[in-house]
Amino acid sequence: MEFYEAINKRKTTREFLDTEVDFEVIKRILGAGNKAPTWDHNRNWQFIVLRTDEEKEYAFSEVKAIADKFDADRYLNMPRPYPITLGQKMYGYAMPKQYTMLKDAPYVIIPLFKSKELNGEYVSKLNPFATIWCVIENIFLAATAEGLS
């Protein structure tokens, strides 16, 4: 897929097809993540890749508990002193899907980064967040280029 086509097709996905994804594709996607720019010229990140239902259920048990308690109808229809916003409507739609979209994805890639010190005292101390976001964005673009978006 051509670069600008991948950018134009890239989107957030909350539902997945029930199709196998070859792990060689996942390796290429992770390779794209590894090519992301970094703030300290170190690639201080690692990836956890979850594939089985058991791995995902264990890793996301807290997400499931929160999603099970969330009442979208109540949230969307509660009295407000102002009209409901688009962001609130989107939250009401997305929140119940938080667990199922993680559980139903063929693979879940969790990028992790290491930082000696992380605090908001100085903006530059937050640079690891910018770095890992570049990793995530490369992963999203690579998944799109692979036809997975």
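## Pocket and cavity

On a 1 Å grid over the protein atoms alone, a pocket is an open set of points with protein on both sides within 12 Å along at least five of seven lines, a cavity is a set of points where a 1.4 Å probe fits but cannot get out, and lining residues have an atom within 4 Å of a point. This is a predicted model, in which local features need pLDDT of at least 70 and side-chain atom pairs count only at pLDDT 80 or more, while totals for chains, interfaces and linings use all residues. Residues are numbered from 1 along each chain as its sequence is written, and side-chain values use heavy atoms, with hydrogens and water left out.

The largest pocket holds about 1,100 Å³ of space, a volume being the space filled by probe spheres set on the points, which are joined across faces, edges and corners. Its lining comprises 31 residues, and Thr13, Phe16, Ala105, Tyr107 and Phe140 lie nearest the centre. Two or more lining residues come from each of α2, α7 (98–104), β2 (108–113) and α8; helices (H or I, at least four residues) and strands (E, at least two) are DSSP runs, numbered from the N terminus. The largest share, 6 residues, belongs to α8. By class, 21 of the lining residues are nonpolar, 7 polar and 3 charged. Here Ala, Val, Leu, Ile, Met, Phe, Trp, Tyr, Cys and Pro count as nonpolar, Asp, Glu, Lys and Arg as charged, and the others, Gly among them, as polar.

The structure has 1 cavity of 30 Å³ or more. The volume of the largest cavity is about 60 Å³, and residues including Trp39, Asp40, Trp45 and Lys114 line it.

## Nonpolar cores

A nonpolar core is a set of buried Ala, Val, Leu, Ile, Met, Phe, Trp, Tyr and Cys residues joined through side-chain atoms within 4.5 Å. Buried means under 20% relative accessible area, with a 1.4 Å probe and protein chains only. The largest core has 14 residues, of which Val21, Ile26, Ile29 and Val135 touch the most other members. Helices α2 (23–34) and α8 (127–145) each supply at least two residues of this core. A second, separate core of 6 residues includes Leu50, Phe60, Tyr99 and Val108.

## Gly92

Gly92 lies in helix α6 (residues 86–94) and is buried, its relative accessible area being 4%. Beyond its neighbours within four places in sequence, Gly92 is in contact (heavy atoms within 4.5 Å) with Phe70, Ala72, Tyr75 and Leu76. A separation of 30 Å lies between the C-alpha atoms of Gly92 and Val21, which are 71 residues apart along the chain.

Conventions
Buried means under 20% relative accessible area, exposed over 50%, partly exposed in between (1.4 Å probe, protein chains only).
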